[in-house]
Amino acid sequence: MSSASNHQKDLFIFGPFGKKPLKEQVTPHKISLMVLIYEYIEMRRHQKPPVFVGFGAQDTTSEEKFKEREKRDFMTSILKLIQSPDMTLKDLTDQVQPILKQTHYEIFAERLKGFYQEGVLLLMDFFQDVTKQLSDPSNGVISASSILGLFLRRMIVAFEKLSFSQVTKLFTRYKDYYEAGQVGLGMDESDQFGGSLIDSITSQSGRFRSGLGLGKSFERSHHGDGKSDDVDGGFFSYKQAEYFISRQGFLLQHNENEALSPAKLQEKITDMLRSNPDMAEAHFLSYLNSLRVKEYCTALHNLYHYFDRNTNIGSDGSQGNKNREEAVSRRYAALNLASLHYRFGHRDESLAALHEAIRMAQETNDHECLQHALSWLHRLEEPGTSYTANLMARSVWKSEELNLPNITSMGVQSLARNNAFATAKPASVFEFLLKSDLLNCQHSQSHFMCVSYAQKSALWEMYGKRESSAMCSLLVLNLNTAVNGIFHNGEAVCIALCNVARCHADDGNYSAAFDIISSAKQRFPKHTQHANTWMICEQQLLFDRAVMNRKFGQAETNVTNIRALNEDEAVIRNAILNKEKGEVTQSLTELTQLLEKVKKDKRKYVPDFPCRVYLALAELFVQTGNHTSGLSHVLDCITHAKEHHLQYMVALATVHLSFIQFLMQLPQPALELLRQQLLPIISHGNLFDKARTMYCYVRCLVASANKGPEQKKRAALVSAVNMMDTVIDYFKQLEAHQRIKDAVYYQARLYNELGRTAERNKCAYQFKQLDSQYPTFNKVSVCVL
């Protein structure tokens with residue numbers, strides 16, 4: 001949708017293309033609103049200030065006097081009701097009764113009851129009273145040119161245009177409307193038989209038709225202009241439809257959770273098209289609704305319907321204007337078609353539609369359409385290439401020249417992401433994002449502010465600055481993004497919530513992490529288009545916890561769930577699970593195939609994903625005793641990480657390299673390497689990486705001190721025992737029971753070397769308890785980092 005929205009053609013701004021709004025219709029619901037407004041004006045006109053005769057005198061008009069809060073509540077509520085589609089009388093009374101004074105509500109209910117009992121004549125007299133009220137110069141409550149005044153005047157004009165037979169049908173529909181809502185007004189059964197004999201017969205015949213299921217069809221075939229408004233409500237006038245479409249379109253962009261659910265929204269669109277079959281914008285709203293649930297066929301169908309109807313614009317103008325508007329519609333039709341195919345992963349079809357839009361835009365010299373197309377073109381091209389970078393740079397330059405801040409901001413952010421993938425220095429990447437932030441602040445683009453901070457968070461995480469990443473995610477959640485009272489609740493917010501949840505889980509705070517995920521579930525229900533983000537995050541956290549707890553059955557379920565969302569992520573996690581279970585051959589096969597896939601198409605993956613595959617392979621080889629093969633994968637990981645400036649990955653791979661040197665009886669070089677990388681791990685690593693890095697450091701420290709003097713050896717053992725307490729605490733927070741058992745066993749050996757028998761026996765007892773609960777079934781889980 002963003003590709004087709006610019007200041008000349010906004011899909012949610014109506015009226016500039018020669019379309020004539022359909023005429024207003026008087027409906028029972030609008031008659032009820034007129035009564036509400038009329039009685040409010042009468043009460044305001046006749047209320048008088050209290051007269052104090054003496055001390056202690058009481059105000060006899062205090063019940064009718066409106067407070068400022070009551071005036072404000074009534075005006076805002078009636079404005080919302082005018083803009084909303086028709087509803088049943090019971091729904092109306094449920095909404096207005098809490099905000100009306102008791103006297104106002106009783107008069108309102110009595111007048112509606114009078115219409116029902118007295119017949120058409122009283123209804124006609126009421127419209128005359130409203131006309132007099134608006135023309136009365138002493139009416140100082142509502143101006144005839146105000147929103148409410150215009151609504152009353154439109155209804156009066158529409159009522160005066162009705163023929164006698166149409167007025168009779170309107171009253172019949174009012175009686176059905178009133179009878180359906182009699183529960184809301186507390187109407188007695190005896191009231192149904194009031195009025196004239198003809199009214200009673202009409203009422204009974206109406207109920208008879210409703211009982212046979214003929215009421216609605218009778219309404220459709222006998223209503224004045226062929227449009228129906230059954231007693232269930234739901235009628236949309238043209239202005240109500242305009243407001244509904246613009247409101248729901250805005251909510252789908254800024255806060256999808258506040259919009260109607262997909263099924264309910266589609267039902268409303270169907271009702272709206274029944275009342276306004278020529279409204280093309282309703283089909284575009286249906287197209288957006290289909291994208292929410294990834295319904296390809298319906299989305300394509302609605303997109304075609306929208307542009308087919310939109311090409312008939314300008315029929316009352318000149319032929320040249322009509323042809324020009326039709327050409328604009330065709331260009332943006334192709335552009336939206338390209339966007340649709342991109343969302344569903346149809347790259348070739350998307351490129352074909354995009355090239356068609358570019359060709360038509362070049363023929364008519366439409367620079368704005370070209371910039372929209374260019375922003376989609378560099379998204380479809382291969383990321384990280386010089387050609388894509390040139391496309392982005394041209395797009396940013398031209399968009400800034402044409403004063404298109406949205407496309408400029410998106411282009412700058414895309415260029416920063418492309419440079420990060422193309423091994424640019426982090427300083428230059430964040431410099432581009434700073435320019436985007438300045439542009440967003442200048443134009444108050446809250447949506448792009450969130451996207452910028454979310455992208456910064458992802459980049460900081462990729463570069464290994466975990467605290468900076470968490471800070472950027474928290475900034476997304478703390479931004480004031482309110483527009484017209486609606487806070488932005490898009491994909492960037494969901495990503496930020498998941499990042500914060502992952503930070504808590506990495507520190508062992510699983511309860512807080514899953515509470516945050518629950519918050520994301522509430523803000524992004526399953527039917528929303530961004531729900532996949534928290535779904536995969538939740539399954540990843542559950543998988544990590546299950547593997548730590550050695551609950552392999554649950555971990556297999558989590559892998560299956562991840563596979564439905566991200567195939568490559570499921571493959572690497574399934575390989576890790578097989579390695580933990582001791583199924584070495586299967587794990588090696590999966591990791592080898594995944595590595596070949598990554599090497600074949602590196603630009604498809606984020607830069608740190610190959611490093612994860614390299615380290616998983618290295619761990620597998622090391623745990624099976626093949627240190628040489630593991631060493632080659634670790635070196636490949638370090639080379640790739642340094643090329644893309646992934647500092648944390650370099651530090652983590654260096655820890656693996658130190659562990660391999662330790663296993664190869666080279667503790668002193670391993671200790672030197674660990675001392676170089678200990679600071680970034682402790683500063684920015686998660687709890688698991690901190691624990692195993694410190695554990696590796698302790699083992700290297702003790703092994704290197706064994707060859708030195710006795711005093712130095714004892715000092716190293718004391719230091720190692722103290723550090724092992726921290727390591728065990730970290731593993732306990734993570735619920736990594738197998739790691740706790742290994743650390744306790746090693747600490748018992750350290751106490752034995754120091755001659756501290758009591759502490760040794762205590763650790764041995766802890767090990768025995770852990771081993772009975774979490775036995776070791778394979779030798780692969782013994783030699784681990």
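This is a predicted model: local features need pLDDT of at least 70, side-chain atom pairs count only at pLDDT 80 or more; totals for chains, interfaces and linings use all residues.
Glutamate 567 has a partner, arginine 563, and their closest N and O atoms are 3.2 Å apart in a salt bridge. Arginine 563, at 33% relative accessibility, is partly exposed too.

Glutamate 580 and arginine 550 form a salt bridge with their closest N and O atoms 2.7 Å apart. Glutamate 580 sits in helix 27 and arginine 550 in the loop between helix 25 and helix 26, so this pair ties together parts that are 30 residues apart in sequence. Both glutamate 580 and arginine 550 are buried. They also belong to a network of salt bridges, which includes Lys579, Glu619, Asp689 and Arg692. In total, the count comes to 33 salt bridges.

Let's move on to helix 33, residues 687-705. How many of its 19 residues are buried? The count is 19 of 19, so helix 33 is largely enclosed by the rest of the structure. At its start, a side-chain oxygen of asparagine 686 comes within 3.2 Å of the backbone nitrogen of phenylalanine 688.

Finally, helix 21. Its 18 residues should span 26 Å at 1.5 Å a residue, and the end C-alpha atoms agree, being 26 Å apart. Among its buried residues are Phe448, Met449 and Tyr463, and the cover over the buried residues includes helix 19, helix 20 and helix 22. Just after helix 21, glycine 464 has a positive phi of about 100°.

Methods
Residues are numbered from 1 along each chain as its sequence is written. Side-chain values use heavy atoms; hydrogens and water are left out. Buried means under 20% relative accessible area, exposed over 50%, partly exposed in between (1.4 Å probe, protein chains only). Helices (H or I, at least four residues) and strands (E, at least two) are DSSP runs, numbered from the N terminus. A polar contact is a pair of N or O atoms within 3.5 Å; within protein, one must be able to donate a hydrogen and the other to accept it, and residues adjacent in sequence count only if both atoms are side-chain atoms. The expected span of a helix is 1.5 Å times one less than its number of residues. Contact means heavy atoms within 4.5 Å. A salt bridge is a side-chain nitrogen of Lys or Arg within 4 Å of a carboxyl oxygen of Asp or Glu.
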